[in-house]
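Here is a short report on the fold shown below. It goes from secondary structure to the core, then to backbone details.

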Amino acid sequence: MLLYQNCSRLLGECKTKKRYLPGVSRYGKFLALVLCILLDTSLVLSQNNPYRMPSHSSPITTMAHQSGDEAPASFYEVLRKALKKRKTDVDRICPHTDSVARRILEDYGAMFLAKKVTPPPVCIFTSEAEVAKFQEDADYVTENIDGADIELQREAMKQLLKAREKALKEGLNITPRDGAEAARRSYADSYELWNTRFMPALDYWLQQGRLTEAQVARLKALPLHEQIAEVLELERSGIYFSKDLSKSILYSIAAPGTSQHIAMLAFDVNEFDNVRVRELLAEQGWFQTVLSDLPHFTFLGLKEKDLPKNGLKSVVVDGQTFWIPNVTQ
Ligand SMILES: [Zn+2]
């Protein structure tokens, strides 16, 4: 069944492309079929891996779909231009020698393209003072939404309230998940959240025999930046640190100092699984941009049709469309 679904999807994509490549014929279909078989073989193999992500939250077992016909522009190219206008450059916000910073940029980087707001000056804030200064300068506003004080950058708030107003008119609602924490967070908040995943995961992998007492003690004692780097390295071998231990910690919470919530451009929505709510948010420039973090929306201030030319590509997970940086190696 899975094989059939994937194949018909892939063949469907071949059919769409035929419009542009009249030469694609039976040979193309044959190639697609071979590809399908290979794909499904790899899926079966991955199901035997005890550390595989569950299918409901796995970015791996989903297929990317481009919205419309437009191929997405290169994220780095668009970013370079956007940063030049702000009189900065990629290396200054995210040094290429820092693998953690680059990973953060490629996972959470959509916010650096946001319009009519102030994106953060760095990929990783390293102190409370640095975060406080950015947040003060970025001019955020507070509104009470459903009993919680929500703090967001001015334009992000304006558009969120518009989306909510429309939702209420349609008998729906857009409410913050976990109260005030749904929007602005401090550096300390992001550090505490990191530990709510990092610490239990260490205990778990120790019990499982995948980490030793000495490794756990060493990891806990590492300076934060090195700690993040080692966690991401361990995840490459299936030692995951997300809440359910099935995927990267970065798809569960942000590394300290890196959150889009620190940038006051993110809002966690209770009603994320309502397709109409997602449409209303998208109409106001709010999109899901962190793969598999379902309730998390990012303010980009862009129209959905313009996202590909802004260096973002769409990936569908569980029927929900995520817009992530189009990074080509
Ligand atoms: Zn969030």
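Helices (H or I, at least four residues) and strands (E, at least two) are DSSP runs, numbered from the N terminus. By that rule, Gly285 follows helix α11 and has a positive phi, near 85°. The model is predicted: local features need pLDDT of at least 70, side-chain atom pairs count only at pLDDT 80 or more, and totals for chains, interfaces and linings use all residues. Residues are numbered from 1 along each chain as its sequence is written.

**Overview**

The chain has 11 helices and seven strands. It holds 329 residues, of which 35% count as buried. A residue is buried if 20 or more other C-beta atoms lie within 10 Å of its own, exposed if 12 or fewer, and partly exposed in between; C-beta atoms are placed from the backbone. Two residues are in contact if their C-beta atoms, placed from the backbone, lie within 7 Å. Among contacts with a separation of 6 or more, 69% join residues 24 or more positions apart.

**Strands**

Two strands pair if DSSP finds at least two bridges between them. Strand β1 (residues 140-145) pairs with strand β2 (residues 148-153) in the antiparallel sense, over six bridges. Asn144 has Asp149 of β2 as its bridge partner. Ile145 stands opposite Ala148 in β2. Two residues lie between the strands of this hairpin, and Asp146 takes a positive phi there, near 55°.

A separate group of three strands forms an open sheet, in the order β3-β5-β4, with antiparallel pairing. Its edge strands are β3 (266-268) and β4 (286-287), each of which pairs on one side only. β3 and strand β5 (residues 296-299) share three bridges in the antiparallel sense. Ala266 has Thr298 of β5 as its bridge partner.

**The nonpolar core**

A nonpolar core is a set of buried Ala, Val, Leu, Ile, Met, Phe, Trp, Tyr and Cys residues joined through C-beta atoms within 7 Å. The largest one has 73 residues. Those with the most contacts inside it are Ile104, Leu152, Ala156, Leu265, Phe267 and Trp286. Helix α8 (residues 187-207) gives the most to this core, with six residues. Why does this core lie between domain 2 and domain 3? Domain 2 (75-185 + 259-325) and domain 3 (187-251) both give residues to it. Those domain bounds come from an automatic or database domain assignment. Beyond its neighbours within four places in sequence, Ala156 is in contact with Val117, Met264, Leu265 and Phe299.

**Helix packing**

Helix α7 (residues 154-169) packs against helix α11 (residues 275-283): their axes come within 8 Å and cross at roughly 145°. Axes are lines fitted to C-alpha atoms, for helices over the stretch in contact, and angles run from 0 to 180 degrees between N-to-C directions. The crossing is right-handed. A crossing is right-handed if the near helix is turned clockwise from the far one by less than a right angle, and left-handed if anticlockwise. On the α7 side, the contact uses Ala163, Lys166 and Ala167. On the α11 side, it uses Val277, Leu280, Leu281 and Glu283.

In α11, Val277, Arg278, Leu280, Leu281 and Ala282 are buried. Their cover includes α7, β4, β5 and β7 (320-325).

**Backbone and exposure**

Most residues other than glycine have a negative phi.

| Residue | Phi | C-beta neighbours within 10 Å |
|---|---|---|
| Lys116 | about 65° | 15 |
| Met264 | near 60° | 29 |

Lys116 is found in the loop between α5 (99-108) and α6. It counts as partly exposed. Met264 is found in the loop between α10 (224-235) and β3. Is Met264 buried or exposed? Met264 is buried, because 29 other C-beta atoms lie within 10 Å.

Ala129 sits in helix α6 (residues 128-137). Ala129 is exposed, because 10 other C-beta atoms lie within 10 Å. The C-alpha atoms of Ala129 and Tyr187 are separated by 8.6 Å, and the two residues are 58 residues apart along the chain.
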